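Subject: Handover of a structure, with notes

Dear colleague,

Please find below the structure that I am handing over to you.

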Amino acid sequence: MEQDATALQRLTQPTLDYRALTPPTPRAERLAVLWTLLTLALALFLGWALMLAVNSRTATFSDPQLSLQYPAGWAAGTDDEGNAVFRNLGSESLRFHERITVIHAEAPSSGLPAASPLAEAATAWTLSRSQALSSFRNLATVDGLTVADQPAIRVDYAYVADPTAALGRPGVPVVVRGSDYLFLVGNQMHVISGQATEADWSAFEKTLAKVVASVRLNPAPAP
Amino acid sequence: MSVDATKVAHNRFGLWTSSLLLVLGLVGLTALFYFLAVEFPAQLTGLLLVAAGLVLALVPALLWLAFFYLQDRFEPEPKHHVLGVFVLGGLLAAAVGQPVVRELFRVQDWMTQAWWVNLLASVLIVGFVQEFLKLAAVRFSIYHSSEFDERVDGVIYGVAAGLGYATVLNFGYVLDHGGVDLGVGSMVVVVNALAHASFAGITGYFLGQAKFETTPAYWLPLGLTIAAALNGLFFFLEDLVTQQGMRFTPQYGVVLAAAFALGILTVVFFLIRRANAETLAIARYREQQQAAVAGAASEV
């Protein structure tokens with residue numbers, strides 16, 4: 001009890017410490033700033049290491065057709081059409097979370113002359129996107145790519161999404177950018193579709209490229 | 001070299017009363033806004049909603065400045081200096097803090113993966129960056145001015161920098177959400193303001209000591225680390241108490257922020273009072289010593 005009282009007294013009562021009336025020298029002030037900066041640098045270095053460790057963690061998605069690795073912290077689910085979707089619920093834009101969707105469909109036909117079945121499927125796919133998405137713009141179509149050791153085409157596009165309208169709350173629409181990687185296996189078309197807002201796009205593009213690079217075809221089950 | 005003890009040890013009670021009024025005023029204001037939002041749902045949409053949100057984001061800073069101005073009128077701190085540090089805090093948040101946290105580290109992409117990741121990232125990245133910038137807003141501006149002549153000035157300018165920082169975060173919140181409704185929006189704004197002002201009060205206390213006393217080399221880093229740790233811990237706890245599954249209950253965040261702010265400002269108040277008493281005691285002791293020496297000399 002007595003000890004507690006002494007400790008409390010030490011904390012609350014002034015002591016005759018001469019440093020209390022002696023301002024620091026300029027050198028001491030410079031050192032204090034230097035140590036503060038070093039402390040900040042150490043904290044940020046540890047934070048950077050934490051970020052690298054966390055970002056290297058992935059989760060595996062697998063369905064009968066293919067498997068891929070996506071960031072472990074993303075939320076996995078399905079969209080209205082039953083396609084697998086992985087969403088980053090922490091993305092910069094709170095109104096439209098960046099997402100990657102895995103779509104399997106029968107290879108569509110555009111009815112237009114095309115260099116290959118894949119190019120024809122890409123044309124038909126772009127057409128269907130333009131009808132489904134508001135203010136759709138096809139930004140580029142890049143061929144000569146490979147996904148899961150299969151020839152692939154990437155369709156880059158942008159459209160205007162109105163995510164708050166579905167919630168019944170009026171809000172400002174957002175411009176969304178997307179890249180769809182298409183490849184064919186037999187008569188089956190597989191699409192790895194990535195979408196994010198303009199603000200998220202530059203960082204998301206790298207994540208999408210990593211996910212696409214991780215795609216592997218699953219062997220067909222024995223008959 | 002020594003300092004003017006009575007000046008350094010001058011305590012500005014206007015600061016403490018205005019800070020207490022700010023905490024009480026903001027809690028009362030959120031209760032009022034919440035009531036209004038429930039009873040009279042606003043019909044604001046689009047740009048009007050955004051404009052209302054931006055005005056709302058400014059309320060805490062305006063309230064504190066108004067309270068401080070009224071409380072401090074008999075012993076005034078130059079208001080343009082206080083306002084200048086407030087603006088500098090905001091500018092550093094917009095130009096450095098947010099880009100580093102959200103674009104360089106992109107913490108929003110990965111910090112929610114596990115509770116321990118969230119806590120560590122909140123302290124090591126968000127906490128340290130935010131608290132360092134608030135400290136820098138004072139240390140590299142008003143700190144060397146002759147206006148920074150009292151120990152408690154560190155807290156005054158620290159709180160101003162913290163409110164500036166919070167105001168920019170609140171602007172970002174409003175713009176990200178395309179405007180905010182009065183009830184939830186006011187609570188988020190108040191939580192940010194109370195939290196950032198009180199954490200900056202801690203670094204302000206450490207700065208005030210460092211300016212007028214010979215402190216050990218670890219003194220400022222210690223202040224920064226304590227403020228960063230409390231910052232990270234607070235926002236981690238705030239997430240825990242406000243997000244329960246799909247339910248968002250921001251009112252718990254307001255209670256937590258008010259408790260943190262009151263607790264921190266009370267501790268800082270007593271620390272400053274103790275340091276001031278120490279300064280005055282030493283000054284008196286020195287005077288007595290000098291008088292004794294002078295008396296002895298005259299006798300000789």
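This is a predicted model: local features need pLDDT of at least 70, side-chain atom pairs count only at pLDDT 80 or more; totals for chains, interfaces and linings use all residues.

Overview of chain B

Chain B has 300 residues, of which 55% count as buried. Its secondary structure consists of ten helices and two strands. In sequence order the pattern is α-α-α-α-α-α-α-α-α-β-β-α.

Aromatic contacts

Over all chains, the count of aromatic pairs comes to 19. One of them joins B:F148 and B:F212, whose ring centres are 6.2 Å apart. Their planes stand at 35°, which lies between the limits of 30 degrees for stacked and 60 for edge-to-face, so the pair is classed as tilted. B:F148 sits in the loop between helix 6 (115–139) and helix 7 (153–176) of chain B, whereas B:F212 belongs to helix 8 (residues 182–212) of chain B. The pair therefore ties together parts that are 64 residues apart in sequence. Both partners are buried: B:F148 has a relative accessible area of 1%, and B:F212 one of 6%.

Another tilted pair is made by B:F206 and B:W219, at 4.6 Å centre to centre and with 40° between the planes. This pair links distant parts of the chain, as B:F206 is in helix 8 of chain B and B:W219 is in helix 9 (residues 219–242) of chain B, 13 residues apart. B:F206 counts as buried at 7% relative accessibility. B:W219, with a relative accessible area of 16%, is buried as well, because the limit is under 20%.

B:F148 and B:F212 also belong to one aromatic cluster, together with B:Y143 and B:Y157.

A glycine in helix 8

Helix 8 of chain B also holds B:G204. This glycine counts as buried, at 1% relative accessibility.

The volume of the second largest pocket is about 710 Å³. Its lining is made up of 32 residues, and those that lie nearest its centre are A:N55, A:A203, A:T207, A:K210 and B:D109. In chain A, the elements that give two or more residues to this lining are helix 2 (26–55), strand 2 (66–71) and helix 4 (198–213). In chain B, they are helix 4 (79–104) and helix 5 (107–110). Helix 4 of chain A gives the most, with eight residues.

By class, the lining of this pocket has 15 nonpolar, nine polar and eight charged residues.

Yours sincerely

Methods. Residues are numbered from 1 along each chain as its sequence is written. Chains are lettered from A and ligands numbered from 1 in the order in which they are written. Side-chain values use heavy atoms; hydrogens and water are left out. Rings of Phe, Tyr and Trp (its six-membered ring) pair if their centres lie within 6.5 Å; planes under 30 degrees apart count as stacked, over 60 as edge-to-face and the rest as tilted. Helices (H or I, at least four residues) and strands (E, at least two) are DSSP runs, numbered from the N terminus. Buried means under 20% relative accessible area, exposed over 50%, partly exposed in between (1.4 Å probe, protein chains only). On a 1 Å grid over the protein atoms alone, a cavity is a set of points where a 1.4 Å probe fits but cannot get out, and a pocket is an open set with protein on both sides within 12 Å along at least five of seven lines; lining residues have an atom within 4 Å of a point. Grid points are joined across faces, edges and corners, and a volume is the space filled by probe spheres set on the points. Ala, Val, Leu, Ile, Met, Phe, Trp, Tyr, Cys and Pro count as nonpolar, Asp, Glu, Lys and Arg as charged, and the others, Gly among them, as polar.
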